[in-house]
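Have a look at it first, then we'll walk through a few spots.

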Amino acid sequence: MSRTEPVTLTNMCMIKKRNKILVLNRTDPIWPGLTFPGGHVEAYESFNDSVIREVKEETGLDITKPKLVGIKQFYDRNDQRYLVFFYIATHFTGKIKESNEGKLNWMTQDELKHHQLAYNFDHDLPVFFNSSISEHMLDGKRDELF
């Protein structure tokens, strides 16, 4: 039995400013709807550096001290594990600059729940908002929070 497997590594970051959260309305036809900025971890890049880079690319903001709050895992179309490291950032500088990923808006947590979210993103949100939950597992047979 092999102890290694192919894995895709990604991140997502909830950026908070007082009672508002920066959301991205993704235009990607594969995963459209509201979510948080993020993307892939590049080879030899730390998870921390990758989330800082991705937030900069998608929002124009420079975040500092992103805090890892949880993880999501699922299996992609090729039946390979896909990991998403969830971060929260409250320290940032710069001006919002939209990218080709989609439009950016500040919303409250309540406002977020009343908009069209990306597929299954509503199941990710408890990991960001409830400190006793740190993992979302989605594998076709189950959709569980731990």
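Let's start with K65, which sits in the loop between strand 5 (62–64) and strand 6 (67–75). Helices (H or I, at least four residues) and strands (E, at least two) are DSSP runs here, numbered from the N terminus. This is a predicted model, where local features need pLDDT of at least 70 and side-chain atom pairs count only at pLDDT 80 or more, while totals for chains, interfaces and linings use all residues. Residues are numbered from 1 along each chain as its sequence is written, and side-chain values use heavy atoms, with hydrogens and water left out.

Most residues other than glycine have a negative phi. K65 is also exposed, at 64% relative accessible area. For the record, buried means under 20% relative accessible area, exposed over 50%, and partly exposed in between (1.4 Å probe, protein chains only).

D79 has a positive phi as well, near 60°, and isn't a glycine. You'll find D79 in the loop between strand 6 and strand 7 (81–89), and it counts as exposed with 59% relative accessibility.

Is N120 buried or exposed? N120 is buried, with a relative accessible area of 7%, even though its place is in a loop, between helix 2 (109–113) and helix 3 (121–129). Leaving aside residues up to four places away in sequence, N120 touches K72, H136, L138 and D143; a contact means heavy atoms within 4.5 Å.

Now for the charged pairs. A salt bridge is a side-chain nitrogen of Lys or Arg within 4 Å of a carboxyl oxygen of Asp or Glu, and by this rule there are twelve of them. Here are some:

| Pair | N to O distance | Relative accessibility |
|---|---|---|
| E42 and R53 | 3.6 Å | E42 45%, R53 18% |
| E57 and R53 | 3.2 Å | E57 45%, R53 18% |
| E144 and R142 | 3.5 Å | E144 31%, R142 36% |

Finally, E42, E45, R53, E54 and E57 are linked in a network of salt bridges.
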